[in-house]
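Subject: A structure for you to look at

Hi there,

Here's the structure I promised to send over.

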Amino acid sequence: HTHARAPHTHAHTHARALRPRCHTAASFPASSPLLAMATPAPTGFAPPKTCTLDEAKVILTDVNAVLAQNKAMLDGIKVQAGQDVMMVMMMLLPQAAQVMGPTLSKHGFPADPSGVFNLIAALAAHKEDAEVADKLATMKAAFMTPELEPMLTAMLGGMGGAQ
């Protein structure tokens with residue numbers, strides 16, 4: 001009887017012994033924007049969250065209200081970052097994600113840059129709706145520059161949502 005359990009215990013300890021050497025996302029600071037950018041939505045875990053048309057309108061109203069309150073700060077970072085995609089990635093997106101964090105969490109999205117992109121992908125599914133399209137454009141304008149949006153959208157191309 002004890003013999004049957006031994007391999008399980010051994011495998012368990014073995015896996016634990018290996019864990020510290022693995023550089024999983026957990027071993028990096030969660031605030032690392034580069035990590036957030038480099039890690040696509042984890043496959044095998046929860047799929048990216050989606051939302052209904054009604055939810056999309058509520059979320060956009062909430063998010064845009066928070067972004068409007070922080071417009072001056074975000075615009076300041078935008079000016080600093082200029083056309084430099086890396087600066088936008090490292091400065092503007094994390095700041096926007098931080099501002100949007102509580103709202104993202106409230107609606108079930110991760111409160112980090114990946115949650116922002118998950119949200120954009122979820123909202124893109126409803127971009128045929130005039131109200132959603134309008135509010136989505138307002139939201140993106142808060143933390144993306146017009147020149148950068150096509151590039152960021154291309155980088156996120158694999159996230160679904162955009163048909």
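Below is what turned up, going from the whole chain down to one residue.

Before you dig in: this is a predicted model, where local features need pLDDT of at least 70 and side-chain atom pairs count only at pLDDT 80 or more, while totals for chains, interfaces and linings use all residues. Residues are numbered from 1 along each chain as its sequence is written, and side-chain values use heavy atoms, with hydrogens and water left out.

The protein chain has eight helices and zero strands (DSSP runs numbered from the N terminus: H or I with at least four residues for helices, E with at least two for strands). Of its 163 residues, 34% count as buried (under 20% relative accessible area, with exposed being over 50% and partly exposed in between, using a 1.4 Å probe on protein chains only). Take the contacts with a separation of 6 or more: 66% of them join residues 24 or more positions apart (contact means heavy atoms within 4.5 Å).

Now for a helix pair. Helix 3 (residues 53-69) and helix 7 (residues 130-143) pack at about 30°, with axes 9 Å apart (axes are lines fitted to C-alpha atoms, for helices over the stretch in contact, and angles run from 0 to 180 degrees between N-to-C directions). That makes helix 3 roughly parallel to helix 7 (angles under 35 degrees count as roughly parallel, over 145 as roughly antiparallel, 65 to 115 as roughly perpendicular and the rest as oblique). Among the residues that meet here are Leu60, Val63 and Leu67 in helix 3, and Leu136, Met139 and Phe143 in helix 7.

Next, the largest nonpolar core, which has 34 residues (a set of buried Ala, Val, Leu, Ile, Met, Phe, Trp, Tyr and Cys residues joined through side-chain atoms within 4.5 Å). Leu67, Met100, Leu119, Leu123, Met139 and Phe143 touch the most other members. Helix 5 (85-106) is among the helices that each supply at least two residues, and helix 5 gives the most, with 10.

Which residues does Leu119 touch, leaving out those up to four places away in sequence? They are Ile59, Val63, Met100, Leu104, Phe109 and Met139. Leu119 sits in helix 6 and is buried, with a relative accessible area of 0%. Its C-alpha atom is 7.9 Å from that of Leu104, 15 residues away along the chain.

Cheers!
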